Amino acid sequence: MTEVISAVWQRLAELPQATLADLFGRNPDRFEAMSQRIEFDVPGHGTNGMLLDWSKTHLDDEVLDAFEKLADAAQFDAAREALFSGGIVNPTEGRAATHGAMRGSGTDADVEEGEALLARMGMLVEAIHQGALGEVKHLIHIGIGGSALGPDLAVDALTRDLKLVDVHVVSNIDGLALEQAFEACDPATTLIAVASKTFTTIETMTNAASALKWLKDNDVDDPSGRVVALTANPEGAVEWGVDETRILPFPESVGGRYSLWSSIGFPVALAVGMDDFSAMLAGAKAIDDHFRTAEGRVNGPLLAAFADQYYTRLRGCQTRAVFAYDERLALLPDYLQQLEMESNGKSVTASGEPVSGSTAPITWGGVGTDAQHAVFQLLHQGTHLVPVDFIASIAPGDELDPSHHRQLLMNCFAQGAALMAGKASDDPARAYAGDRPSAMILVDDLDAAMLGALIAFHEHRTFANAVLMGINPFDQFGVELGKSIAKQIDSGDGQFDSSTSALMALAGLT
Ligand code: F6P
């Protein structure tokens with residue numbers, strides 16, 4: 001199999017590289033050929049659609065034929081089936097990855113378990129909305145990494161018009177982060193959610209203890225009764241002092257950065273209500289259905305992974321950029337950074353062999369049009385080739401004069417066109433090389449269901465990339481070493497290099 005994979009890469013490397021102008025010149029219907037619409041219907045939320053346009057990338061039929069062969073050689077179909085059928089897709093930890101089951105995609109047993117856990121969460125959310133825990137105006141959600149980034153993105157994206165509860169997501173151990181949340185909240189009407197899969201993460205447990213102390217210091221009645229735990233370690237939460245009735249568990253096989261769909265999504269449900277939370281899951285499920293059944297290049301997330309592999313491995317791109325032309329997706333690049341870089345930033349294959357090429361590119365990005373006035377200079381005229389994804393919604397998120405949204409979309413489309421076309425000039429400083437790739441994700445309307453769909457699209461794109469590279473996207477041992485050295489610094493029990501020792505002494509840590 002390895003020989004077949006090497007042969008496909010060899011073939012890919014030898015294929016002539018047409019320019020984007022050539023590709024469009026050769027095929028006037030390139031937009032139709034290289035774009036697709038994924039449409040889905042969520043009861044009560046109507047029909048919504050996502051247009052995926054990969055025509056402004058360098059993928060052509062020959063490249064796609066080769067990538068489809070690569071997917072076959074990498075046993076993509078089997079890996080995908082293993083993902084949805086509870087197979088061990090995380091071999092280094094001997095685990096399945098059952099986040100899909102939380103939204104209805106998985107084995108019957110996993111889906112049933114997911115439904116039961118979310119029904120329990122729904123009851124608590126409902127009870128809180130009805131005043132069972134007294135007046136609740138604010139929620140301080142404490143978690144880090146996957147226990148914070150998804151909730152932060154979803155709350156920010158979905159509460160622009162209406163929020164039932166004011167949510168503050170606090171992740172950093174830097175006390176300033178928590179102090180800021182304290183300042184914005186009234187302790188008498190604040191709930192604390194402690195979100196940690198392991199319930200051992202030092203940042204989260206330190207912040208949780210300080211938040212509980214803040215409730216006590218402010219004479220809140222029954223401070224422990226104001227704490228909810230979201231975790232795969234319910235015993236740990238009980239030990240920490242949370243009553244079982246306020247512990248919302250989720251399965252161990254749901255990974256941290258894939259956990260938005262589980263009880264980690266509690267702040268989202270509390271802020272927008274269970275109906276919108278369920279719509280978010282339904283949108284994700286629609287993408288699961290597409291990803292599970294569509295073959296080869298008509299599989300949207302797989303096609304996106306082909307483009308990712310093409311640029312990273314064949315064109316040497318070290319980064320990929322994502323620009324959402326939508327304020328509601330301001331936190332999407334942060335979310336994608338963890339999803340893609342923690343999943344696929346690896347140097348060995350799932351079986352422990354060194355990888356044969358670059359793995360995850362560095363994901364970065366921002367919001368348009370702001371980014372145009374900050375970083376786009378480099379995209380247009382810099383020396384790095386950066387594949388760009390643009391994301392935008394046809395329906396506006398604002399209610400101001402339509403000229404705002406019109407300008408937003410016009411700018412978005414203009415950037416993709418400019419990157420591709422470039423512009424010749426006698427003055428080198430004013431010349432644009434062009435032939436710079438971009439992809440477009442244009443959604444009908446960015447509602448809760450579409451947000452779920454967008455996130456699930458990127459989860460599957462990440463998985464597909466991992467399969468093509470033969471790596472395990474579900475472990476993250478790379479984050480452990482720094483954590484253990486921090487513990488040694490704390491205990492003073494370790495040998496440190498002279499630089500680290502000097503810094504510790506300067507900061508009074510010894
Ligand atoms: O440090 C990495 C990590 O394990 C992430 O994968 C995870 O999302 C985050 O820490 C938080 O972990 P936990 O939810 O267990 O507190």
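Which of the 15 residues around the ligand come nearest? Among the 15 residues, S147, S196, T198, T201 and E342 do. The model is predicted, so local features need pLDDT of at least 70 and side-chain atom pairs count only at pLDDT 80 or more, while totals for chains, interfaces and linings use all residues. Residues are numbered from 1 along each chain as its sequence is written, and side-chain values use heavy atoms, with hydrogens and water left out.

View 1. A polar contact is a pair of N or O atoms within 3.5 Å. G146 places a backbone N or O atom 2.7 Å from a ligand oxygen. The side chain of S147 also has an N or O atom 2.7 Å from an oxygen atom of the ligand. Q338 brings a polar side-chain atom to 3.3 Å from a ligand oxygen. On its own, the ligand has 390 Å² of accessible area, and the protein covers 88% of that. These areas come from the Shrake-Rupley method with a 1.4 Å probe.

**View 2. The shell by residue class.** The shell around the ligand holds 2 nonpolar, 9 polar and 4 charged residues. Nonpolar means Ala, Val, Leu, Ile, Met, Phe, Trp, Tyr, Cys and Pro; charged means Asp, Glu, Lys and Arg; the others, Gly among them, are polar.

**View 3. The largest pocket.** The ligand sits here, meaning that more than half of its atoms lie within 2 Å of the pocket's grid points. A pocket is an open set of points on a 1 Å grid over the protein atoms alone, with protein on both sides within 12 Å along at least five of seven lines; lining residues have an atom within 4 Å of a point. The space in the largest pocket is about 1100 Å³, a volume filled by probe spheres set on the points, which are joined across faces, edges and corners. Its lining has 38 residues, with T198, T201, V479, E480 and K483 nearest the centre. By class they are 12 nonpolar, 15 polar and 11 charged. Helix 9 (202-217), helix 14 and helix 18 (480-491) each supply at least two lining residues. Helix 18 gives the most, with 6. Helices (H or I, at least four residues) and strands (E, at least two) are DSSP runs, numbered from the N terminus.

**View 4. The largest cavity.** A cavity is a set of grid points where a 1.4 Å probe fits but cannot get out. The whole structure has 5 cavities of 30 Å³ or more. The largest cavity holds about 110 Å³ of space. Of its 13 lining residues, D308, E340, N344, P361 and N465 lie nearest the centre. The lining divides into 3 nonpolar, 6 polar and 4 charged residues. Helix 13 (300-314), helix 14 (332-344) and helix 17 (448-469) each supply at least two. Helix 17 gives the most, with 4.

**View 5. Two backbone features in loops.** Most residues other than glycine have a negative phi, and most peptide bonds are trans. The peptide bond from G368 to T369 is cis, with omega near 10 degrees. T369 lies in the loop between strand 9 (362-367) and helix 15 (376-381). F199 has a positive phi, near 55 degrees. The place of F199 is the loop between strand 5 (190-195) and helix 9.

Definitions and conventions
A residue is near a molecule or strand if one of its heavy atoms lies within 4 Å of it. A polar contact is a pair of N or O atoms within 3.5 Å; within protein, one must be able to donate a hydrogen and the other to accept it, and residues adjacent in sequence count only if both atoms are side-chain atoms.
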